[in-house]
Amino acid sequence: MRDWLYQIRTSKNKTQKEISRAAQISQPSYHRIEQGDKNPTVKTAKKIAKALGFSWTRFFDDIG
């Protein structure tokens, strides 16, 4: 699970549905990304990061 992503989203009182809409992806896709079951594309990472106000590169700090 990407605890950091969950914490950012909940600290802004946003639902997965709200963020998935802002990022123009399905809610199930967002859920899989937040759970760590799926890695976002760069394009999707940028959209999610913009919606939540953090650097999109944070998604890729986890990989390695």
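Arg-9 counts as buried because its relative accessibility is 8%, where buried means under 20% relative accessible area, exposed over 50% and partly exposed in between (1.4 Å probe, protein chains only). The model is predicted, so local features need pLDDT of at least 70 and side-chain atom pairs count only at pLDDT 80 or more, while totals for chains, interfaces and linings use all residues. Residues are numbered from 1 along each chain as its sequence is written, and side-chain values use heavy atoms, with hydrogens and water left out.

Arg-9 lies in helix H1 (residues 3–11); helices (H or I, at least four residues) are DSSP runs numbered from the N terminus. Not counting residues up to four places away in sequence, Arg-9 touches Lys-14, Thr-15, Gln-16, Ile-19, Tyr-30, Glu-34 and Leu-52, contact meaning heavy atoms within 4.5 Å.

Ala-45, in helix H4 (residues 42–52), is likewise classed as buried, at 0% relative accessibility. With residues up to four places away in sequence not counted, Ala-45 touches Pro-40, Trp-56, Phe-59 and Phe-60. Between Ala-45 and Glu-34 the C-alpha to C-alpha distance is 11 Å, at a separation of 11 residues in sequence.

The axes of H4 and helix H2 (residues 16–23) come within 8 Å and cross at roughly 125 degrees. Axes are lines fitted to C-alpha atoms, for helices over the stretch in contact, and angles run from 0 to 180 degrees between N-to-C directions. H2 is therefore oblique to H4, given that angles under 35 degrees count as roughly parallel, over 145 as roughly antiparallel, 65 to 115 as roughly perpendicular and the rest as oblique. Ile-19, Ala-22 and Ala-23 of H2 make the contact with Lys-47, Ile-48, Ala-51 and Leu-52 of H4.

Key
Helix = DSSP H or I, 4+ residues; strand = E, 2+ residues; numbered from the N terminus.
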